[in-house]
Every structure is written in structure tokens, then in C-alpha cells.
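Here is a short briefing for a first look. Please view the sequence and the structure before reading on.

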Amino acid sequence: MVVALDGTALTVAQPTLRGDLAASLAQVQWAGTGYLIAVAGLLVFAGRLGDRHGHRRLFGVGMLGFGAASAGLALAPDMRWVIGLRVVQGVFGALLQPATLGMLRASYPPERLRTALAVRTASIGVAAAAGPLVGGALATEFGWRAVFLLNIVPTVLFGVLALASREPARPDPGGALDLPGALLLGLALACLVHTLVTLPAVSWSAPLALLAGVAVVRHERRAVSPLLPPDVIGSPAVGAALGMLVVASAALNGGLFACVYVLQDGLGHTALHSALLSLPLPVLLVAAAPASAVLLRRAGARATVAGATAVLAAGLLVLAGAFGPITFCTGFALVGAGFGAVMVAATHVVVRQAPAESAGVAGGLQQTAMNVGPVLGVATATVLMGLGPARSPLLVLALAAAAALPVCRALPRRPSRASSAVSVPPAGRRDATHIDLDVERGPRGRSLGDHEI
């Protein structure tokens with residue numbers, strides 16, 4: 001919630017920052033780009049560090065470092081300091097984000113993980129809704145530096161609590177840390193983000209991203225202790241879930257980017273009026289989080305993600321043809337509901353399917369998808385708006401989301417009652433372990449087994 005609030009609040013405060021520091025538009029953009037590159041390049045490696053040394057410890061260090069960088073930004077004398085400290089902030093943000101999913105995976109039994117992830121998603125939705133309002137109010141009354149001061153108290157509080165609490169001893173994973181793989185993957189992801197941010201211009205980072213990506217694949221296949229464990233990246237369900245997260249986050253952010261220009265430049269609405277029209281999106285995103293946990297239990301991940309993606313695509317189609325307040329509010333509501341459900345369900349697949357000892361890597365991959373997707377969506381919208389009407393990205397992104405629906409076939413489905421019923425072993429061979437894996441003791445009866453989502 002701290003990270004999401006920081007990003008959304010700063011977006012609103014950027015014009016004030018630019019005027020106060022006499023910065024160019026390119027410098028302001030690099031403050032955001034530097035943060036994204038640092039985060040994207042380090043997320044998976046940070047997750048692996050958490051798997052080896054403790055997610056709570058990485059979370060605490062990440063929180064304290066994020067707060068320290070925020071304090072430095074509040075005192076930054078010029079734009080060069082802002083850009084440099086935003087990169088530092090991105091490094092510590094990369095440490096703490098995968099750790100949140102790793103801690104949830106370690107702390108909650110599988111049958112309760114859905115609810116924990118729903119709460120996490122809802123908190124991000126609340127931050128996304130409150131960020132522009134909080135950032136706008138702080139920047140207007142106290143200046144842009146107050147936006148960064150907002151982070152200090154919660155980061156210090158939760159960072160100290162995380163480091164002060166005792167973490168269970170972790171088994172020795174064995175093998176050396178795959179530093180070459182981490183460097184190659186970080187280079188590939190950082191160059192990919194840079195390439196997308198600089199579109200439609202062709203940058204030097206595009207061929208470098210491709211070469212680094214090929215090198216990562218070759219290295220990971222030969223590494224004795226690879227950074228990306230085969231039991232994580234080799235799972236079709238995990239790959240499909242990560243793909244749907246990229247598609248959904250690209251559709252959401254690219255669609256919002258286009259809607260800003262449609263509402264303000266095309267229809268003449270003010271920034272405040274545009275924000276009010278889009279308010280159903282975060283409200284429905286928050287509401288969809290607990291609803292998706294119920295859908296996961298009753299319908300399974302395949303049906304939940306496919307249905308939610310269809311709702312997201314329908315919302316973009318409504319926005320593509322919207323002119324009045326009712327249709328805009330309806331479109332934003334559908335987009336928020338669809339994205340919220342996809343985020344919870346797909347994240348649950350990634351974290352739940354990965355072994356507990358690789359939860360940090362799984363969390364890093366999930367966060368990477370959630371960072372690459374928005375950059376891809378905004379880059380797509382920027383290119384399409386340069387070629388045609390401002391509404392064209394909404395139609396294209398809706399079609400792209402619909403075209404991705406076949407990917408959902410690789411996601412786990414809810415087993416039928418007949419196949420999921422508890423089998424009774426023959427007389428004389430009481431398999432207590434098998435029974436305990438499939439039956440939850442207590443008044444709620446049977447929960448989903450380890451093979452179910």
C-alpha cells in the first residue's frame with residue numbers, strides 16, 4: 001500500500017515538482033523511468049534473496065531503505081538528486097515487494113491464501129484511489145516534498161517491526177547464489193523497460209534486451225543452482241498466470257492513459273471531473289478482491305481469470321464508445337472489477353503453485369509482470385494515439401485482452417466432486433497422511449487440496 005500510494009500520489013505532484021526545480025519534461029520522465037528500471041531489474045533477484053535469507057528480513061531492509069530514500073527526496077536540492085534517489089528508492093522497492101508475497105505464502109496455509117491475497121489486492125486498490133487525492137492535496141497545500149514525507153512514518157514503523165520480530169530458521173538451500181543469472185536477467189528486464197518507455201523511438205536498449213534475454217535462457221539451462229528454478233518457470237499454470245497479469249495490467253494502464261486524453265482533450269473535462277468519472281474503477285477493484293477469493297474456491301482459477309478478463313475487455317469496449325457520464329462510469333466499473341479479479345486469481349496461481357522454498361522468486365516474477373505490463377500498455381497507447389484517434393488504444397487493448405483468453409486453458413480448474421472426493425484406502429491400509437492432505441479438520445469441513453486452486 002505504501003509503494004502504490006507513493007507512485008500514484010507522485011504522478012499528480014509532478015507538475016509542481018517540475019516548476020519548483022525548473023526541470024525539463026525529459027528530466028521528470030527520467031525520474032519515473034529510473035525507478036521503473038531499478039525495480040524491474042531487481043525483483044526476481046530480490047525474491048531469491050528472500051528465499052535464502054528470510055522474506056521478513058528483506059522486507060524490513062526494503063521498507064527502511066524506501067523510507068530513507070523518500071526522506072532524501074524530500075530534501076533534494078535539484079533534479080539530478082531526484083533522479084538518483086528515485087533509482088535508489090526503486091532498489092529498495094524491489095527488495096520489499098516480492099517479500100510481501102513470500103511472507104504470505106509462508107504464513108498462511110494453502111486453503112487460506114486466497115483471502116490474504118484478496119486483502120493485499122484491496123489495499124493496493126485503496127491506495128490507487130486515495131493516491132491522486134492525497135497527492136493533489138499535499139502538493140497544493142505544502143508542495144511536492146510533502147508527498148515523499150508521507151512515506152517515512154509507515155516505512156520506519158513496519159521496517160523496525162519486521163526486523164525486530166524473530167523469523168523461523170530457514171533450511172540451507174545449498175549451492176551458490178546465481179549472480180551471473182541475476183545480472184543477465186536484470187539487464188534484460190531493465191533494457192526491456194527502457195525500450196518500452198522510449199517508444200515509438202528506437203533505442204539502443206532494444207537489441208541489448210534481446211541479446212540479454214537469449215543469454216539468460218542459455219545460462220539458466222546450464223546453471224547448477226539457477227536463479228529461476230525449473231519447478232517455477234516450468235509450470236504451464238505459472239506461465240499462463242504471469243501472461244494474464246501482463247495482459248490485464250497492460251490493458252488497464254494503457255486504457256487509463258488513453259482515457260485521460262479522451263476526457264480532457266477530447267471532451268473538455270477538467271482533471272477533477274475526469275478523476276470523479278473514473279472513481280468507479282478503484283471502488284470496484286477493491287470490491288472485486290474478496291469476491292474473486294470466493295470465485296476461486298467455487299469455480300477455480302481457469303473460470304475466474306477467463307471471466308474477469310472478459311469483463312475487463314468489455315469495460316474497455318464500453319469506454320471506447322462512451323460519451324456521457326453513465327457510460328464512462330459503467331466502463332470504468334467493468335474495468336476495475338475485471339482487473340481486480342484477475343489480479344487476485346492469477347497471483348494466487350503463481351504463489352500457490354510455486355514451492356514454499358521458491359515463494360520469493362514467484363513473488364518477484366509476479367511483481368515483474370505487474371511492472372512490465374503497465375509500461376507495455378502505456379507504450380502501446382502512446383504509439384496508437386500517434387497514429388490515430390485517442391480512442392483507438394481502448395479498442396485495440398480490448399481485442400488484445402480477448403485474444404489472450406485461450407491462455408487461461410493452462411490454468412488449474414476446479415476438480416469435479418467425484419475426482420476430489422476423499423478416497424478410502426483398503427482395509428488394513430489406513431493412509432492417514434493422504435486423508436489429512438485432503439480433509440480440513442474443523443467445522444468448515446473439506447477444503448481444497450494441494451492440487452486445487
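Trp-144 has 2% relative accessibility, so it counts as buried (buried means under 20% relative accessible area, exposed over 50%, partly exposed in between, with a 1.4 Å probe and protein chains only). This is a predicted model: local features need pLDDT of at least 70, side-chain atom pairs count only at pLDDT 80 or more, and totals for chains, interfaces and linings use all residues. Residues are numbered from 1 along each chain as its sequence is written, and side-chain values use heavy atoms, leaving out hydrogens and water.

**Overall make-up**

- The protein has 19 helices and 0 strands. Both are DSSP runs numbered from the N terminus: helices are H or I with at least four residues, strands are E with at least two.
- Of the 453 residues in the protein, 49% are buried.
- Among contacts with a separation of 6 or more, 82% join residues 24 or more positions apart. Contact means heavy atoms within 4.5 Å.

**Aromatic rings**

- The whole structure holds 3 aromatic pairs. Rings of Phe, Tyr and Trp (its six-membered ring) pair if their centres lie within 6.5 Å; planes under 30 degrees apart count as stacked, over 60 as edge-to-face and the rest as tilted.
- One of the pairs is Trp-144 with Phe-148. Their ring centres are 6.1 Å apart and their planes stand at 90°, so this pair is edge-to-face.
- Phe-148 is buried because its relative accessibility is 1%.
- Phe-328 and Phe-332 have ring centres 6.5 Å apart and planes at 25°, so they are stacked.
- Both belong to helix α15 (residues 325–353); they are 4 residues apart, which means about one helical turn. Phe-328 and Phe-332 are buried.

**Charges over rings**

- Arg-86 lies over the face of Tyr-35, 4.4 Å from the ring centre. The cut-offs are NZ of Lys or CZ of Arg within 6 Å of the ring centre and within 35 degrees of the ring normal.
- The charged end of Arg-391 sits over the ring of Phe-323, at 4.4 Å from its centre.

**Helices α1 and α2**

- Helix α1 (residues 2–21) packs with helix α2 (residues 25–53) at about 170°, the axes being 10 Å apart. Axes are lines fitted to C-alpha atoms, for helices over the stretch in contact; angles run from 0 to 180 degrees between N-to-C directions.
- The two helices are therefore roughly antiparallel. Angles under 35 degrees count as roughly parallel, over 145 as roughly antiparallel, 65 to 115 as roughly perpendicular and the rest as oblique.
- From α1, the contact uses Val-3, Gln-14, Leu-17 and Arg-18. From α2 come Leu-25, Val-28 and Tyr-35.

**The loop between α1 and α2**

- Ala-22 is in this loop. Its phi is near 50°, positive in a residue other than glycine.
- Most residues other than glycine have a negative phi.
- Ala-22 is exposed because its relative accessibility is 69%.
- Ala-23 is also in the loop between α1 and α2. Ala-23 is buried, at a relative accessible area of 9%.
- Ala-23 touches Arg-18, Val-28 and Met-79, leaving aside residues up to four places away in sequence.
- Ala-23 and Arg-80 are 57 residues apart in sequence, with 9.4 Å from C-alpha to C-alpha.

**Arg-120**

- Arg-120 is in helix α5 (residues 113–141). Arg-120 counts as buried, at 13% relative accessibility.
- Not counting residues up to four places away in sequence, Arg-120 touches several residues, including Gln-97, Leu-104, Met-343 and Gln-367.
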